[in-house]
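Colleague: Could you give me a close look at the aromatic side chains of this model, and then carry on to its pockets? I would like the cut-offs as you go.

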Amino acid sequence: MNIYLAVKYVHVVCALLSISGFVVRGVWMMTGNPLLARRPVKILPHLVDTLLLASALLMVWMSAQYPFVQSWLTAKVIALVLYILLGTVALKRGTTRGIRITAWWLALLVFAYIVSVAFSRSALGFLALI
């Protein structure tokens, strides 16, 4: 197996762990589960997301495909920023439960868009189906 493929597998596994953790924390937020306040629940997502970002940057460097040069990568970066903003509203900064739940659902939609862009290598992602 070549190194790029190994890095890509790490990236995909981290993406799956990241979204799984986000879903669980969102459900806990909606149900008022006290586990959401536990220290590991606050630390582990940062470790997974750091490895996710590092693997993404390594793949960009290895493939010489750069955001703001490749439109699909630009779309992923912009959507990632939106996902992070929505995620912080959903899990931390939302002033009401309704705002948090709405931000959580929107973040999941943005994540799905990011995945669709990755698979299609088109900035439109699943929006091309509309």
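**Rings and pockets**

Modeller: Happy to! Let's start with Phe 126, which is partly exposed because its relative accessible area is 26%; with a 1.4 Å probe and protein chains only, buried means under 20%, exposed over 50%, and partly exposed in between. Before going on, please note that this is a predicted model, where local features need pLDDT of at least 70 and side-chain atom pairs count only at pLDDT 80 or more, while totals for chains, interfaces and linings use all residues. Residues are numbered from 1 along each chain as its sequence is written, and side-chain values use heavy atoms, leaving out hydrogens and water.

Now for the ring partners. Rings of Phe, Tyr and Trp (its six-membered ring) pair if their centres lie within 6.5 Å, with planes under 30 degrees apart called stacked, over 60 edge-to-face, and the rest tilted. That rule gives 5 aromatic pairs. Tyr 113 and Phe 126 have ring centres 6.0 Å apart and planes at 90°, so this pair is edge-to-face. The pair links distant parts of the chain, as Tyr 113 belongs to helix H4 and Phe 126 to the segment after H4, 13 residues apart; helices here are DSSP runs (H or I, at least four residues), numbered from the N terminus. Tyr 113 counts as buried because its relative accessibility is 14%. Elsewhere, Phe 22, Tyr 83, Trp 104, Trp 105 and Phe 111 form one aromatic cluster.

Tyr 83 also leads us to the largest pocket: along with Ser 18, Asp 49, Leu 52 and Leu 80, it lies nearest the centre, in a lining of 44 residues. A pocket is an open set of points on a 1 Å grid over the protein atoms alone, where a 1.4 Å probe fits, with protein on both sides within 12 Å along at least five of seven lines; lining residues have an atom within 4 Å of a point. The volume of the largest pocket is about 1600 Å³, taken as the space filled by probe spheres set on the points. H1 (3-31), H2 (39-63), H3 (71-93) and H4 (97-120) each supply at least two lining residues, and H2 gives the most, with 13. By type, this lining has 29 nonpolar, 8 polar and 7 charged residues; Ala, Val, Leu, Ile, Met, Phe, Trp, Tyr, Cys and Pro count as nonpolar, Asp, Glu, Lys and Arg as charged, and the others as polar.

The second largest pocket holds about 190 Å³. H1 gives the most to its lining, with 7 residues.
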